[in-house]
Amino acid sequence: MRHDPPGPTRRPVRQGVNRVGSPGVRDRRGRGLRSPLLPQVVPAHRSRSDAFDAVALEAFAEIDTRWHDELAGLDIAVDEIPRVLPRDPDSIQWPEEVTADGAVPLARLIPAGVDVRGAPTRAQIILFRRPLESRARRGADLLELVHEVLVQQVATHLGVDEDTVDRGPE
């Protein structure tokens, strides 16, 4: 099994992170940061990745309320594009830890393990933002798709079927 090293665009899902160099911050001619281009209360202030992070958090919230104790060792992250190849490129067969739409992966589960330095790692679900956004535009469709993908990934992580994840532990 091949584990990809963390990519330059992979980031944990967090709220309230101000990224320097984001389109909402002005720094003309290298004289330092001026003022925001848009007020924070305007919906256009949030970048597409910030909006997707909010959708991912909302989609995971329902699952987390039902399975909080079982998911304590699981991290959710977002990557712009997938960095994983199919097991068999000719027939496009994905391992069970990858949720895909045909030839395009939408999410991947990396199980807990040990890194190259011998330190333990936590299990991680990586959502691929651009493939998910291209399949469902913003709003309820994107929320529903991200929730469905997260249900599949959590079911794989817990070793249960998807209906059980939706119903909750019994």
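**Overall layout**

I counted four helices and seven strands in the chain. Helices (H or I, at least four residues) and strands (E, at least two) are DSSP runs, numbered from the N terminus. This is a predicted model, where local features need pLDDT of at least 70, side-chain atom pairs count only at pLDDT 80 or more, and totals for chains, interfaces and linings use all residues. Residues are numbered from 1 along each chain as its sequence is written, and side-chain values use heavy atoms, with hydrogens and water left out.

I read the order of elements from the N terminus as β-α-β-β-β-β-β-β-α-α-α. I then looked up burial: 36% of the 170 residues count as buried. Buried means under 20% relative accessible area, exposed over 50%, and partly exposed in between (1.4 Å probe, protein chains only). I found an accessible surface of about 10600 Å² for the chain, with 51% of it belonging to carbon and sulfur atoms. These areas come from the Shrake-Rupley method with a 1.4 Å probe; for residues, only the protein chains shown count as cover.

I also checked contacts, meaning heavy atoms within 4.5 Å. Of those between residues at least 6 apart in sequence, 61% join residues at least 24 apart.

**Helix α1**

I traced α1 over residues 48-67. Its 20 residues reach 28 Å from first C-alpha to last, close to the expected 28 Å. That expected span is 1.5 Å times one less than the number of residues. I noted a kink of about 35° centred on Ala61. The bend at a residue is the angle between axes fitted to the seven residues ending there and the seven starting there. Buried positions in α1 include Phe52, Val55, Phe60, Ile63 and Trp67.

**Strands**

I started with β2, residues 74-79, where five of the six residues are buried. Two strands pair if DSSP finds at least two bridges between them. Strand β2 runs parallel to β7 (residues 123-128), with six bridges joining them. Leu74 stands opposite Ala123, and Ala77 has Ile126 as its bridge partner.

Next I looked at β7 itself. Five of its six residues are buried, so β7 is largely enclosed by the rest of the structure. Strand β7 also pairs with β4, antiparallel, over four bridges. There, Ala107 stands opposite Leu127.

I followed β4 on to β3 (residues 98-101), an antiparallel pairing over four bridges. Val98 is bridged to Arg108. The two strands form a hairpin with two residues between them, and Gly102 in the turn has a positive phi of about 70°.

**Core**

I looked up the largest nonpolar core and found 28 residues. Such a core is a set of buried Ala, Val, Leu, Ile, Met, Phe, Trp, Tyr and Cys residues joined through side-chain atoms within 4.5 Å. Ile63, Leu127, Leu132, Val146 and Leu150 have the most contacts inside the core. Elements α1, β2, β4 (104-110), β7 and α3 (140-158) each supply at least two of its residues. Helix α3 gives the most, with eight.

I followed up Leu132. Leaving aside neighbours within four places in sequence, Leu132 touches Phe52, Leu106, Leu127, Leu142, Leu145, Val146 and Val149.

**Ala140**

I checked Ala140 last. This residue belongs to helix α3. Is Ala140 buried or exposed? Ala140 is exposed, with a relative accessible area of 59%. Val55 lies 85 residues away along the chain, with 9.3 Å between the two C-alpha atoms.
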